[in-house]
Amino acid sequence: MSLVESGKKKIEWVSRHMPILNTIKKQFEKEQPFRGKKITICIHLEAKTAYFATVLKAGGAQVVATGCNPLSTQDDVVEGLRSYGVTVYAKHSATEEEYNNDLRKALEQQPDIILDDGGDLTAIIHHEMPELIETLYGGTEETTTGILRLRAREKEGQLKFPVISANDAFCKYLFDNRYGTGQSVWDGINRTTNLIVSSKNVVIAGYGWCGKGAAMRAKGLGGNVIVCEVNPIKAIEAVMDGFRVMSMEEASKIGDIFVTVTGCKDVITKKHMENMKDGVILANAGHFDVEINKQDLAAVSVEKKTVRDNIEAYITKDGRHLNLLAEGRLVNLAAGDGHPAEIMDMSFSIQALSLKYINEHHGEMTNKVYNVPEELDRYVAGLKLKTLGVSIDRLTEEQEHYINDFME
Ligand SMILES: NC(=O)c1ccc[n+]([C@@H]2O[C@H](COP(=O)([O-])OP(=O)(O)OC[C@H]3O[C@@H](n4cnc5c(N)ncnc54)[C@H](O)[C@@H]3O)[C@@H](O)[C@H]2O)c1
């Protein structure tokens, strides 16, 4: 199969499993909300995001896409997406320079709206291409890390256009971060290692939404889950959920599989690596490739070799193999296909409606980070229930009065 054929097949497959987005696509085709508008998206370029890009195009937008992580870009999907008339600047395993140049090229169309995942596009606009700000309506941000960076920028008064935090929609983080990451992290680890999880000590660093999902599914696979946290409240939550909680210092001595999902850097460093058992699996599903310190891995080892696709063994002086998956980048994307389509159906429906919202309301918006309007969240949740064939109760008028009176 040619690259383009393979990419198109992947895109067609996911399109059959994204019913909410299909409903929105039909609306967009009819209403053409983005007619004449330019949208630049920076996102993990795999089949679901590619299908999402075609939905924006169906709404009349001129879409330029670029990847937000060189290892998650799938070259066949890029070709497939191009065949749908979307301009794409991305390739798998691009060097840092190539990657940044692709972001710049994607911005050269002078977008009216951007979609960012992790904040790289936003950083380039602010620091290198500020001339774009004048005509930019605003943007959306897909993930926790990007939002943290945006809020820091906003706090310093340095955010120069309005952004909607798609990540903070209930229909995003409750499902995407928890159930999406929960499933796809284990899909990535299992298909890459072909080893059993059951009976192993699985160390999850970070008990946020992603960590909760990863821990829950590790337990389901029979792993003995250990959680490492820095937030005492999250740590109690993990204890109450039935997991052992300890410092990474302690966990590093007994863990078999380590998964970092903190959004922070240097979660696993030299002092932990020195404690680790032979054969440990190190995977990151959090932020870029900085959670497991790769310089430290190199420092504690005398040799590094590729032992299986996407697995590098760092071999220590005393002969221990510390196995790093996917170069320490997001394991579910760099060594898997990312979240299941049904999960991304919700996330991208939130994104599509948020982009439409910015297109229609940018005149009233200021340079702030906005939450997704609640009505959009509820609309997507309603559509999701419909696709699941689930009906729920409605408040009667009397009940509504009762609740409101009670609240007063
Ligand atoms: N792999 C994916 O597909 C995917 C999907 C969504 C989000 N993410 C990324 O995963 C990361 C976590 O996202 P989230 O939504 O769970 O965030 P979150 O803020 O809900 O959770 C992060 C948790 O990590 C803890 N933490 C921070 N630094 C730590 C450290 N040094 N050691 C131990 N714990 C620490 C925090 O206290 C917090 O509880 C982010 O970087 C986000 O961008 C990845």
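User: What is the distance from an oxygen atom of the ligand to an N or O atom in the side chain of T145?

Analyst: A polar contact is a pair of N or O atoms within 3.5 Å. In this predicted model, an oxygen atom of the ligand lies 2.8 Å from such an atom in the T145 side chain. For the side chain of N177 the value is 2.8 Å, and for that of T144 it is 3.0 Å. The protein buries 85% of the 860 Å² that the ligand exposes when taken alone.

User: Which helices each supply at least two residues of the shell around the ligand?

Analyst: Helix 7 (144-155), helix 8 (170-193) and helix 9 (209-220) do. The shell residues comprise 10 nonpolar, 14 polar and 2 charged.

User: How is a pair of aromatic rings described?

Analyst: By the distance of the centres and the angle of the planes. The structure holds 6 aromatic pairs. For F28 and F34, the centres are 5.4 Å apart and the planes stand at 85 degrees, so this pair is edge-to-face. Both F28 and F34 are buried. F52 and F348 form a stacked pair, with 4.7 Å between centres and 20 degrees between planes.

User: Where in the chain do F52 and F348 lie?

Analyst: F52 is in helix 3 (residues 47-58) and F348 in helix 15 (residues 341-361), 296 residues apart. F52 has a relative accessible area of 0% and F348 one of 1%; buried means under 20%, so F52 is buried, and F348 is buried too.

User: Which residue lies over the face of W209?

Analyst: K212 does, at 4.5 Å from the ring centre. W209 also forms one aromatic cluster with F170 and Y173. The charged end of K8 sits over the ring of Y84, 5.9 Å from its centre.

How values were computed
Residues numbered from 1 in each chain as written. Predicted model: local features only at pLDDT ≥ 70, side-chain atom pairs only at ≥ 80, totals over all residues. Heavy atoms only, no water. Polar contact = N/O pair within 3.5 Å; in protein donor to acceptor, adjacent residues only side chain to side chain. Areas by Shrake-Rupley, 256 points an atom, 1.4 Å probe, with all protein chains shown as cover. Helix = DSSP H or I, 4+ residues; strand = E, 2+ residues; numbered from the N terminus. Nonpolar A, V, L, I, M, F, W, Y, C, P; charged D, E, K, R; others polar. Phe/Tyr/Trp six-rings, centres within 6.5 Å; stacked < 30°, edge-to-face > 60°. Buried < 20%, exposed > 50% of the residue type's maximum accessible area, 1.4 Å probe, protein only. Lys NZ or Arg CZ within 6 Å of the ring centre and 35° of its normal.
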